[in-house]
Amino acid sequence: MKSTLSSQHMHHIMTYGISNPFDILGMHESDRGGLFIRVCYPQALDVLVVSEDEKTEIGRMQRIHDYGLFQLDLPEEKNFFRYKLRVLFGDGSSYTTYDVYRFPPVLSDFDLHLVNEGTHKNLYHKLGSHLMTLDGINGVFFAVWAPNAKRVSVIGNFNTWDGRRHMMRRRESSGIWELFIPELKEGEYYKYEILNSKNQVLPLKSDPVGFFCELRPNTASIVYNPNRYVWRDTSWMERRKTETNPFHKPLSIYEVHLGSWRRNSLENNRFLTYRELAKELPEYVKEMGFTHVEFLPISEHPFDGSWGYQTLGLYAPTSRYGSPDDFKFLIDCLHQAHIGVIMDWVPAHFPKDDYGLSYFDGTALYEHADSRKGEQKEWGTKIYNYGRNEVSNFLLSNALFWIKEYHIDGLRVDAVASMLYLDYGRKNGEWLPNKYGGHENIEAIYFLRRLNEWIYAEQCGAMTFAEESTAWPMVSRPTYLGGLGFSFKWNMGWMNDSLQYMHRDPIYRKYHQSEMTFSFMYAFTENFILPLSHDEVVHGKGPLIDKMPGDRWQKFANLRAYYTFMYTHPGKKLLFMGDEFAQGWEWKYDQSLGWHLLQYPEHKGIQHLVKDLNHLHKTQAALHEIDFDETGFEWIDGSDVEHSVISYIRKAKNPEDFIIVVCNLTPSVLYHYQVGINIEGTYEEIFNSDHTKYGGSNVLNKGDLKTKEPGWNFKKYALDLTLPPLGTILLKKKKE
C-alpha cells in the first residue's frame, strides 16, 4: 500500500471520509518496503507509538495533514506487531490506547446475508452496540445499517463528538457499517454521524438498535450490558412454555400507563420508577385478581403526550422510569406474583424527529420515499416500508427481542387497521393502490403473518393481540388457513355498540336492544378480547362513569351491571386502570389516578365488584373455558325489549357446569320474572351486581331457586326470579 498520500487526497479523506477507513489507517505494508502506521487524531499535539506493555517507545509519529493525520514509517519492520498509541494534547494531558484500525471485522458474511435477506431472528445480537472481547482486548462493537451513506462514524464523549476519529468500516454491498472501539466501557453515550451521498452531514442519529437511551429531551444512545440481570422467574417461564393454549384459560387484563398509575406527590409529582412500581403494582394487580397487565408502549419515545405510541427507540425501554435492568426487575416481580405481562408494540408508524429513523442515511430508508405510502398524515408520522427485507427484519427481530430478552408474555399490536389498508385515513388521490389495483397493503399483510409465525416458531407460549377495528376476516386464525395468525383480536364492535347502549336513558333502551345483543351474532368468528381501554376515556370522551345515564346512584348501578355483563359475555377481558374504581374524570397522562376516590363507598364498591368478577372469571370454568366456540353459549332470551332484559347461559366443557346470566337494564325491580331452562333442579344466585357490598340496593334472590313447570322461553322448565334494578345476576345449579 502507498505510504504517501497527496495533499488533495488527504483533504478529501478528512473532509468526507471513505467507506473503508481501514484501507488508509492502521498498520500496513509500505510500497517502499517495511511497514507504516497511520492514525487520525485531529485535536492531538503529538502521537507516539509504544509497545503493548507501554514500556517502550517505538517512534514519534509525523503529522502529515493539518486535520490530524499522523504517520510513522517503519522501513526495517517486516512483521505486523501489537502496539498502542500515546496521544498528547496541547494542555499537557495525554492518554494511551489501542489503535482502532488494527482490529479485524466482527460480523460474518453469513450474518450480513441473513440481515439483507430479512431472516435474522437475532438481529439485535449483531447490530447496535455490544460489549465484547476482540483479539484479547475488551471494548465495544458498533454496527448500523445505512446503505446509502458515504461515511458513518461513531461519536461520543470518548472522541469529543468528532466524526473524523472513529469512521466505521462498510461491509461490502450489505450496507452495514461496523467498528470495534477498544477499552470503551458500559455507560458510554454515543450517536452516529452520517455523511449522505451529497457529502452533507445529517442531523446526528441515535442508534436504531440501541438498548438504552438518554432521558428525554436528550437523545444519545448508551452502551448497555444486557446480560447482567439475573432472572428469578424460572418457574413462570417454564410453565409458559408448556401451557401453549391460552384460549381455554382465564385472561383478564389490567391496562396500565406506567407514568400515571401512581405518582410521587411529595417530590414534584414525579413518575414512579420501575423499581418503585415493582413494590406496588404486582401486589395490587394480584389482589384485584387480574391475570395480566398490559403496558402502554414503554419503548423509548420523544414526547410524553404520545403515551408512547410514537416510539423511536424500539429496542430500549424508556429511561423515564429507570434503566433496562430496572424494567426487567418490574417484569420479574410481576411474574413471581403469577401475573403475565403484555406490551403495547407499535410497528405501524414512527415520528419524524431528526435524530430518529426518518431519512436515516439521507434517503427514505425505513420509510417509503412516496408520501402516499410513507406518511401517516393523520398522525404526522412516517410508515415503515414493510416490503424492504432489512426493515421487516428490524421489526420482526424486535418483537422477538422483547419476548426473549425481557420475558414479555404477549405483544398487543397497535393500529393494525392502518397497516392493512393503503387508503387508511386518506382521501382519493392520496394513496397508491397495490399491484392488483386494490387497497390492501400486501407487504404489511405478509409482514404481520411472518410476525406471528416467528413468534409461534419460538414455542415459548407468548401471545399476540391485534387492535384491528374493521371487518378484516380471520385476524385471529392461523396463517396456514389464510388468517393473519394473531392469538386474539380486540372486539371494537362490542365496545362501541355496548357503550352506546349504556349511554342511553333506560326509557329508550328498548328501542336499541340490538346494540347489546348483536355482538353475540359474531362473537365466535374471532378469538375476541373485550376491551374497555384507554381510548374510551380520552379526547373529550370522559370517564366510563360519566357515560352512564341517571343520577349518581343510577350511574354506579349502570356501571356495575355493565361490568358484570362484560365479564359474562364470551371473550377475554381488558380494563384500563382507574376504571376498576370508576375514576371520576378523564384520564390524563401527566397525573396520578384518583386513588383518593376509594374513600367513597360507591367507588370502593366498584373496586370490590371488579375484584369479585375477576375471581369468578378465574374460578368458574363456564366463564372462560369456551370463549371462542358457540358451544359455550346459549340464548335464553335476547328479545325481551319491553323490559330491557337479556338472559343467556355460559357453558363449560363439562355439560353439567353452566351459569345463567340475567341482565335487567332498567331502574325498575322486576318481580316474578320467568327465565326458561332445560335442566331441572335447584339453583342459587352466586353473584348479584346490586349487592350492598358493591353499593347496590340489595335486591337479591336468597335461598334455593327450584325449577317449575310449565316451562318458559320455549324451554321445559322455568325459574321465578326477582331482578334488581340496573343489575346483572348469575345463577348456578346446586349439586345434588
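Select Ser487 and Tyr456: their side chains are joined by a polar contact of 2.4 Å (a pair of N or O atoms within 3.5 Å; within protein, one must be able to donate a hydrogen and the other to accept it, and residues adjacent in sequence count only if both atoms are side-chain atoms). This is a predicted model, in which local features need pLDDT of at least 70 and side-chain atom pairs count only at pLDDT 80 or more, while totals for chains, interfaces and linings use all residues. Residues are numbered from 1 along each chain as its sequence is written, and side-chain values use heavy atoms, with hydrogens and water left out.

Stay on Ser487. Its side chain also reaches the backbone nitrogen of Thr464, at 3.0 Å. Ser487 sits in the loop between β26 (463–466) and β27 (488–490); strands are DSSP runs of E, at least two residues, and helices runs of H or I, at least four, numbered from the N terminus.

Next, show the residues around Ser487. Leaving out those up to four places away in sequence, Ser487 touches Phe247, Tyr456, Met463, Thr464, Ser476 and Asn527 (contact means heavy atoms within 4.5 Å).

Now select helix α7 (residues 389–405) and helix α9 (residues 442–457), which pack at an angle of about 35 degrees with their axes 10 Å apart. Axes are lines fitted to C-alpha atoms, for helices over the stretch in contact, and angles run from 0 to 180 degrees between N-to-C directions. To see the contact, show Ser392, Asn393, Leu395, Leu396, Ser397, Ala399, Leu400 and Ile403 of α7 with Phe447, Arg450, Leu451, Trp454 and Ile455 of α9.
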